[in-house]
Amino acid sequence: MRLRPALAGLAVWPLAAAPAADQAPRWLATAAQQPTPAYAAGAPALVLWHEAEVTVDPTGKITTTEHYAVRVLKPEGRKAAVSVKYYTPDTDKVNELRAWLIGPSGQARALGKDYAADQEVPSESLYEQMRERSITGSRECGEGMVFGYESVVEERSVFTQLEWQFQERLPAMASRYTLHTPAGWEMKTVLLNHAPMEPAAAGNTSTWELRDLAYLEAEADSPPITVLAPRLAISLFPAAGTRTTLGQTFANWLDVSRYTAELQDPQSMPDAAIVSRAQLLTAGAPSEIDKIRAIAGYVQNLRYVSIQMGLGRGGGYRPHPASWVFAKGYGDCKDKANLMRAMLRALGISSYPVLIYANDARYVREEWPSPRQFNHCILAIMVSEAVSGYAVVQVPSAGRLLIFDSTDPHTPLGAVPEDEQNSLALIAAGDRGALIRVPEAPAENNRVERTTEMELGVDGSLRGSVTERFFGSMAVRARSQYRENGNGEVAKTLERWMAGHVPGTSISLAEPSDNFPDNTFRLALQFAAPHYGQLMQNRLLVFRPGAVPRSDFVPVTTAERKYPLVVKGEIFRETVKAKLPPGFAVDEIPAGARVEGSLGIFKSTCLVKDNEITWIRSLDIQAQVIPAARYGEVKSFLQRVADAEAEPIVLVRK
Amino acid sequence: MRTLAGAAWLAFLAALRAQAGVDWKPVNAEELCLKSPRVDKDAAAEIIFKEIRIEFKNGEEDVSEYARIKIFSDRGREQATVSVPYFDKDKIREASGRTTKPGGATQAIAADGIFDRTVIKANGHKIKVTSLTLPNVEAGDVIEYYWRAKKPLHAHERIEIQADIPSERVRVVFKNATPAIGVHWVFIDLPEPVQHFSDETSLEFTDLAGIHDEPLMPPEDMAHGWILFVCRGRFQESETDALSEYLKKYLKSGGDLRRTALEITRDAASDEGKLRNAYEYCQNRIKRVGEDPVVEDFVRGKQNHTPEDTLKRGIGTGSDIDALFVALARAAGFEARWTTVPDGEMVTYDRNAMEDMYFFRTHNVAVRVGGQWRFFDPATRQLPFGMLRWQEEGQPALIVDESTRSVELTHTPTTTASASACNHVGMLRLDADGTLEGDIHIGYTGHMALEKRQKMINQGEQQWQKNFTDDIRTRWKGADVSDLRIEKRDDPGKPLLVIMHLRIPGYASRTGKRLFLQPAIFQAGTAPVLAAKTRQQPVYFHYSWAEDDQYSIELPAGYLLDSADVPMPIVAEGLHMRYEVHASAGESKLAYRRSLSFGPGGWMIVPAEQYKGLKSAMDAVQKSDDHTIVLKQAAPGVSR
């Protein structure tokens with residue numbers, strides 16, 4: 001399953017350009033004459049005009065004609081001077097793609113075939129059917145110049161739903177979408193990320209137009225563009241009795257559930273080999289959850305290999321037969337979920353595919369029932385009351401279900417990947433299907449607990465050991481680091497990270513241990529820092545108690561923000577025990593701090609007892625979306641935390 | 001129907017290739033039982049044996065690759081997917097593979113595990129890929145793959161020897177069945193192989209590490225092992241002739257050009273002045289394709305063929321602009337020549353191993369002044385007159401005399417460390433709450449200035465300023481930058497200036513009765529560039545540089561200096577490194593000066609064996625930069 005990719009810069013530069021002397025079309029010449037409005041200040045480029053005119057003919061053929069003009073305002077805006085049309089060769093055709101450049105003086109030229117390319121859409125798939133045709137004018141299109149294109153794309157796909165995003169990040173002076181439908185056809189539309197708006201209608205033609213759309217500047221940890229940019233979602237319903245090439249229509253989520261079940265259910269029949277393997281894997285499993293865990297472990301460990309074919313005909317939603325995936329030992333998300341269904345079915349356990357949008361929990365909207373809202377497939381396993389935990393949901397129509405992602409090899413059964421928590425997902429259980437909210441792990445589940453023991457030398461050198469325990473999503477992150485990079489490489493990275501905070505730090509031991517079923521991860525470290533404390537005038541020895549840094553969770557790099565700050569919940573706790581060097585006594589220790597704010601709470605205390613200093617710090621960050629207007633509070637909170645953590649300990653020679 | 005027929009044909013082809021007669025040799029028991037890697041203990045997979053065969057025959061190259069790989073962990077399974085890219089005139093004749101389980105059972109790749117497709121079509125060319133993925137691969141398995149391709153004969157054939165994972169044994173077998181073609185080969189970053197000669201040549205490498213990235217690495221091409229097969233004469237022979245022939249036309253000058261040369265050099269009193277005028281004309285008056293907005297039809301078939309074309313149209317490529325400078329200098333009476341040099345960003349040149357034009361990828365202009373060759377590159381925007389980019393400094397230079405078809409080999413000069421400097425000057429005030437505030441001037445010269453200027457132009461000045469302030473806020477939480485401005489951005493002959501007012505709350509740490517101030521403001525607490533304890537690759541410094549920081553810091557009322565000692569100077573002769581700090585405290589001010597000079601001039605490579613010494617010197621500098629000065633609260637009634 002895949003989503004049509006967002007516009008991306010083309011990695012191919014033409015070696016040279018072909019002679020072409022065409023004049024720019026009138027619409028482009030007119031658009032290019034418009035002055036740059038004040039609201040475009042700061043943007044790398046400005047969209048002067050973007051129009052899509054979509055005609056659906058009675059047979060279901062969809063023809064989209066687009067006109068687009070963009071003015072480059074800054075050097076980095078050159079990458080906007082590109083036209084990319086995505087298509088799947090089995091159902092789509094790019095009938096026309098032409099582009100022009102217009103200079104500040106109005107002089108125009110066409111970009112010929114030497115600026116054009118046709119390529120497979122870059123992806124991680126072994127085979128990717130989706131392609132892109134493009135014309136790239138970035139090389140020549142300097143500041144003040146306008147790039148424009150016209151395209152005509154014909155589709156004969158099975159999909160009965162259309163989408164139009166009125167802008168990417170760039171500001172847009174005008175963005176128009178016109179839809180012509182055959183007589184008697186109905187449509188339902190939803191305008192997302194924007195106040196409701198009625199289209200201008202004339203006969204079977206509807207037109208939506210937005211003007212003066214502001215620049216959606218990228219900010220760290222801000223909501224994604226899909227939540228910020230206005231989007232139009234359309235569902236078409238052919239007139240009764242019409243014969244079209246289009247597939248099923250979707251009036252509600254149950255329709256989507258039925259459609260998905262029809263595609264997926266026949267593929268999940270177990271063959272003898274699957275039955276035999278399922279029985280073998282669960283032979284020693286005493287309980288229901290043990291059986292499920294054994295199957296989950298097997299499927300999670302299969303290689304992820306994606307083969308994208310038949311996309312225009314719904315191939316992105318239909319898994320390979322379970323027997324095929326089992327024989328190959330690889331598959332993509334829907335293949336893996338489907339094989340797991342088959343293996344569970346062999347054991348008499350029911351399960352359903354779950355459609356979800358990975359990496360953006362706010363993407364899916366309830367108001368538009370459509371399979372096109374999803375890009376990932378996981379599983380809902382029917383379980384008894386004996387199985388509990390936050391990943392279990394009670395769905396009135398489908399029963400008690402354990403949500404599990406069989407593609408993510410780092411998140412064990414009983415946990416849900418962080419990016420999928422709290423997002424809308426469709427239980428594709430046919431007539432019993434439902435759109436649900438994926439459960440969220442309790443904040444306390446995701447935490448890091450660290451104990452640091454260290455010994456300071458009279459010259460300021462430091463030796464120490466650290467035991468760090470990761471829980472929940474923090475364990476998943478740590479585990480994936482180790483699995484993807486290997487122990488040796490992570491140890492080097494850790495050493496570089498620590499040396500980045502305390503120069504010369506070396507790690508002599510880094511011992512990870514993973515308890516995958518419990519979703520905990522433990523790391524034991526031994527380290528030394530030859531120049532940690534600073535000896536001054538052979539009298540004062542100054543050092544900070546936090547020798548091992550902690551990760552910075554929240555970015556505060558800008559003076560102010562335009563968009564809300566999306567904060568992930570995190571909990572960090574550390575106890576440091578530092579033995580004093582012989583001949584030194586404590587002169588000053590940190591006073592201890594308690595910093596409270598809307599972001600969370602930080603506490604630190606410092607005690608001296610029997611030649612040993614104990615410093616305890618804890619930082620609890622609440623998962624939340626903080627409005628831009630309250631960004632100052634976040635900065636102030638983190639500044640106060642940083643000040644408290646930077647407070648040194650001063651020792652004096654006795 | 002068309003699509004189905006196409007798919008069926010692809011599957012048929014794939015099946016043919018998969019079934020092609022690969023004579024798999026049995027995987028031995030030792031390999032099947034192997035539990036841990038033999039070359040690198042941390043490897044997720046290791047190449048047990050790889051053989052690359054290459055034969056030059058009938059104007060074609062026949063290339064094949066066989067590999068046997070042991071998978072040690074789940075991470076190593078990514079080796080089970082193999083992609084072979086090739087151009088449209090090449091043909092993949094065979095592709096196959098199989099998985100062998102620890103118990104000896106094998107599973108061959110099926111036709112539906114092999115995919116051929118055109119990845120890109122552009123400019124009349126196609127790049128295709130054959131991908132294959134092996135079935136049921138798990139840790140403990142041995143996988144094998146094989147492919148064979150036919151290609152038209154190229155002047156250079158590059159064979160990658162080192163892989164992402166370690167290799168126990170890699171054999172390259174080479175045969176030249178066309179005696180008319182002279183073939184030699186160059187090893188890059190490889191140990192001396194065991195060589196066998198018969199009717200074919202066999203080169204065998206053992207125990208090759210996987211490719212690892214490290215900071216300040218030599219160029220990618222110099223940091224992993226590969227072999228270049230060269231299928232023609234060396235540059236002293238036929239390539240010089242070809243280049244001379246090309247340059248005869250490309251540098252040809254005419255009447256308009258002579259008139260322009262006279263015009264732009266008329267006011268100059270000296271040779272230096274004439275060259276400077278010609279240089280600035282080329283650098284500033286000719287638009288460069290790819291950098292300047294160019295609406296005009298600068299397209300294939302309308303390229304510049306002579307310097308006069310460039311002059312008339314006012315547009316050109318980098319080559320065109322350098323060629324125009326050659327022609328203008330000649331017209332003004334100078335001996336000027338086209339010069340090719342290796343690009344230091346792509347290779348660190350070794351004359352003993354790399355004597356081939358393949359490595360001379362960039363160009364500049366040599367002009368004889370006062371009996372000496374001087375080098376210029378007006379095609380590079382923001383490059384000061386008389387200086388070269390670091391990539392072209394200290395490189396072997398082939399000065400081409402196209403009239404006699406001869407070349408002269410010399411070296412381009414280098415600039416000293418002090419020519420590429422970064423200076424911070426600040427008038428600051430420290431408050432009792434630890435806030436540091438004041439005006440800072442940052443000056444850049446030489447290569448540092450060029451890099452900054454190019455970044456400012458590429459990003460746009462506004463974006464550069466935003467990134468700059470974001471970096472400062474990332475570094476110091478709560479820091480505020482105001483009145484930020486850039487001066488002399490477009491005057492490469494002058495230092496580039498960045499001026500700002502900086503306020504850093506909590507810069508100095510506080511305890512109940514002390515303030516702790518690190519006066520090396522822009523260096524203290526920064527992450528070391530070389531943090532790793534050990535090193536596999538040499539360390540490559542692109543150019544030598546200097547730093548000079550001077551601050552005057554007004555101290556807060558009610559505080560006395562408890563310790564104002566400074567770190568000792570550091571000198572590392574082998575690195576041409578010198579570091580010094582001076583500090584003096586007056587009635588209410590601290591004067592601080594820090595200076596660092598690094599490198600002998602030009603680029604510098606420190607071998608991995610000398611990494612310990614380099615790191616020790618750099619750590620010592622960092623420790624000194626982290627040096628803290630303590631201010632103590634004065635007892636009531638005690639004045640400063």
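Analyst: Two residues count as in contact if their C-beta atoms, placed from the backbone, lie within 7 Å. This is a predicted model, in which local features need pLDDT of at least 70 and side-chain atom pairs count only at pLDDT 80 or more, while totals for chains, interfaces and linings use all residues. Residues are numbered from 1 along each chain as its sequence is written, with chains lettered from A and ligands numbered from 1 in the order in which they are written.

User: What covers the buried residues of H5(B)?

Analyst: The cover includes H4, H7, strand E18 (362-369) and strand E19 (372-376) of chain B. Helices (H or I, at least four residues) and strands (E, at least two) are DSSP runs, numbered from the N terminus.

User: Which residues of H5(B) are called buried?

Analyst: Lys274(B), Leu275(B), Asn277(B), Ala278(B), Tyr279(B), Tyr281(B), Cys282(B) and Gln283(B). Buried means that 20 or more other C-beta atoms lie within 10 Å of the residue's own; exposed means 12 or fewer, and partly exposed falls in between. Over chain B, 38% of the 640 residues count as buried.

User: What expected span is H5(B) set against?

Analyst: The expected span is 1.5 Å times one less than the number of residues. H5(B) has 15 residues, so 21 Å is expected. The first and last C-alpha atoms of H5(B) are 21 Å apart, close to that value.

User: Why are the buried residues of H4(B) placed on the same side?

Analyst: In H4(B), residues 255-265, the buried ones are Leu257(B), Thr260(B), Ala261(B), Ile264(B) and Thr265(B). They cover an arc of only 115° around the axis, so they share one side of H4(B). The arc is taken from the directions from the helix axis to the C-beta atoms. On the other side, Gly255(B), Arg259(B), Leu262(B) and Glu263(B) are exposed. The buried residues pack against helix H5 (271-285), helix H6 (307-313) and helix H7 (318-331) of chain B.

User: What makes a set of residues a nonpolar core?

Analyst: The members are buried Ala, Val, Leu, Ile, Met, Phe, Trp, Tyr and Cys residues, joined through C-beta atoms within 7 Å. The largest core has 137 residues, with the most contacts inside it made by Ala278(B), Phe325(B), Leu328(B) and Ala329(B). H7(B) gives the largest share of this core, nine residues. A second, separate core of 62 residues includes Val325(A), Ala342(A), Cys377(A) and Ala429(A).

User: Which residues does Phe325(B) contact, neighbours within four places in sequence left aside?

Analyst: Ala278(B), Tyr279(B), Cys282(B), Val365(B), Phe376(B) and Pro378(B).

User: Why is E3(A) described as largely enclosed?

Analyst: Five of its six residues, in the run 82-87, are buried, so the rest of the structure largely encloses E3(A).

User: What makes E3(A) and E8(A) a pair?

Analyst: Pairing takes at least two DSSP bridges between two strands. E3(A) and E8(A), residues 131-136, have six, in the antiparallel sense. They therefore meet the criterion. Ser83(A) stands opposite Ile135(A) in E8(A).

User: How many bridges link E6 of chain A to E6(B)?

Analyst: Three, in the antiparallel sense; E6 of chain A covers residues 116-120. Gln119(A) has Ile120(B) as its bridge partner in E6(B).

User: How many residues of chain B are in contact with chain A?

Analyst: 63 residues of chain B, against 70 of chain A. E6(B) gives the largest share of the chain B side, six residues.
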